[in-house]
Amino acid sequence: AIAMVEQELGRPLMEVFSEFAPEPVAAASLAQVYRAVLRESGEVVAVKVQRPGVQSLVSKDLYVLRRAAEVYQGLITRFAPQQRTDYVALLNEWAIGFYTELDFKNEAANMDKMRTLFEEQGITDVAVPKVYQSLTSRRLLVSEWVDGVKLSDCEQSEIKELTQIGQEAFLVQLLQVGFFHSDPHPGNLLRPHDQSKARLYLIDFGLVAQVRQEDMDSMVSSIIHLANKDYPALVDDFIDLKILPDDCDRAKVIPLMDKALSPYVKGGGAKKYEAELKKMYNMEDGSIQSTAGGFQAMTQDLLTVLNDIP
């Protein structure tokens, strides 16, 4: 890791950092993160270092997957022509995202853009770490160090409160500015020990997506129609969003929408939704017979969706 850092900086490590932790504080398949102190300012920073050889390894994996997708696409075209997903194009799009995630200069630009958007939209409870652009390269990212704990490790009462704060920030990203963090798992949401600047920090901006204005409008429309259980109008929204084809069979789609989404609209979280589903499929008593029958009915609905509604 030290050799990689020095290679990217173009100078000895200790010319830039007065301290550099020998062990990573976080490690993943693509990169490792180290804690360091800048020699010039004394600021504590996070140094994200890409693992050597990752791009070559990823390229080989993607080549194999691309060939497999071509074979799978041929089988789908021959045996299930009603399915219209272009699996080769889907893999290509995923590959672009993967390569983009390997470019830390792009990640740094995403962080700066998101911070600016938060400021413009008046989001003050959620922050993005500062980036040190002069020290950042394609394989090295230096950013502000945030002392804190993962959202998932907080107390339940605090998780509930912070989730509402994060939810507002993500709705602004998705429905208002059309630029959103695409990997918001609990490990990428930190509750800082010092909450004078923000209640929540958002980290790891390798995956960021953009949404066109017309798609944001359709999403807002679909939320309104879903809340009102206006499923015929929701079908139109899904067609606009390209989730459903123009010629979909509305007589089949709308009853299944009603069945799948009405329990969700009632609210109450995952447990409430589970209870509603068990009630719908007569699985409430927990017996083997009712569970088997309910599962069979649920499977039949799923097969209807997969086979009859592309």
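**Salt bridges, helix packing and cores in a predicted model**

Lys48, Glu107 and Asp204 are joined up in a network of salt bridges (a salt bridge being a side-chain nitrogen of Lys or Arg within 4 Å of a carboxyl oxygen of Asp or Glu). The model is a predicted one, so to speak of local features a pLDDT of at least 70 is needed, and side-chain atom pairs count only at pLDDT 80 or more, while totals for chains, interfaces and linings use all residues. Residues are numbered from 1 along each chain as its sequence is written, and side-chain values use heavy atoms, with hydrogens and water left out.

In total, the structure holds 17 salt bridges. Side chains of opposite charge can pair when their charged atoms come close. Glutamate 144 pairs up with lysine 197, with 3.9 Å between the closest N and O atoms. This pair links distant parts of the chain, 53 residues apart: glutamate 144 sits in strand 6 (residues 140–144), and lysine 197 in the loop between strand 9 (189–192) and strand 10 (200–202). Helices (H or I, at least four residues) and strands (E, at least two) are DSSP runs, numbered from the N terminus. Lysine 197 counts as exposed, at 60% relative accessibility (buried means under 20% relative accessible area, exposed over 50%, and partly exposed in between, with a 1.4 Å probe and protein chains only).

Another salt bridge joins glutamate 158 to arginine 191, and here the closest N and O atoms are 3.1 Å apart. Glutamate 158 belongs to helix 6 (residues 156–177) and arginine 191 to strand 9, so distant parts of the chain, 33 residues apart, are linked. What about burial? Glutamate 158 is buried, with a relative accessible area of 19%, and arginine 191 is buried too, at 16%. Then there is glutamate 276, whose side chain meets that of lysine 266 in a salt bridge (3.2 Å, N to O). Since glutamate 276 lies in helix 10 (residues 269–280) and lysine 266 in the loop between helix 9 (250–265) and helix 10, the pair ties together parts 10 residues apart in sequence. Glutamate 276 is buried, with a relative accessible area of 13%, whereas lysine 266 is exposed at 51%.

Next comes helix packing. Helix 9 and helix 11 (residues 288–308) pack at an angle of about 140 degrees, and their axes are 11 Å apart. Axes are lines fitted to C-alpha atoms, for helices over the stretch in contact, and angles run from 0 to 180 degrees between N-to-C directions. Lys252, Leu256 and Lys259 of helix 9 make the contact with Asp301, Thr304, Val305 and Asp308 of helix 11 (contact means heavy atoms within 4.5 Å). Aspartate 308 also turns up 7.3 Å from glutamine 82, C-alpha to C-alpha, although 226 residues separate the two in sequence. Glutamine 82 is found in the loop between helix 3 (54–79) and helix 4 (87–101), and is partly exposed at 29% relative accessible area.

In the largest one, with 25 residues, Phe118 and Val126 touch the most other members (a core is a set of buried Ala, Val, Leu, Ile, Met, Phe, Trp, Tyr and Cys residues joined through side-chain atoms within 4.5 Å). Setting aside neighbours within four places in sequence, valine 126 is in contact with Phe118, Ile165, Ala169, Ala198, Leu200 and Leu202.
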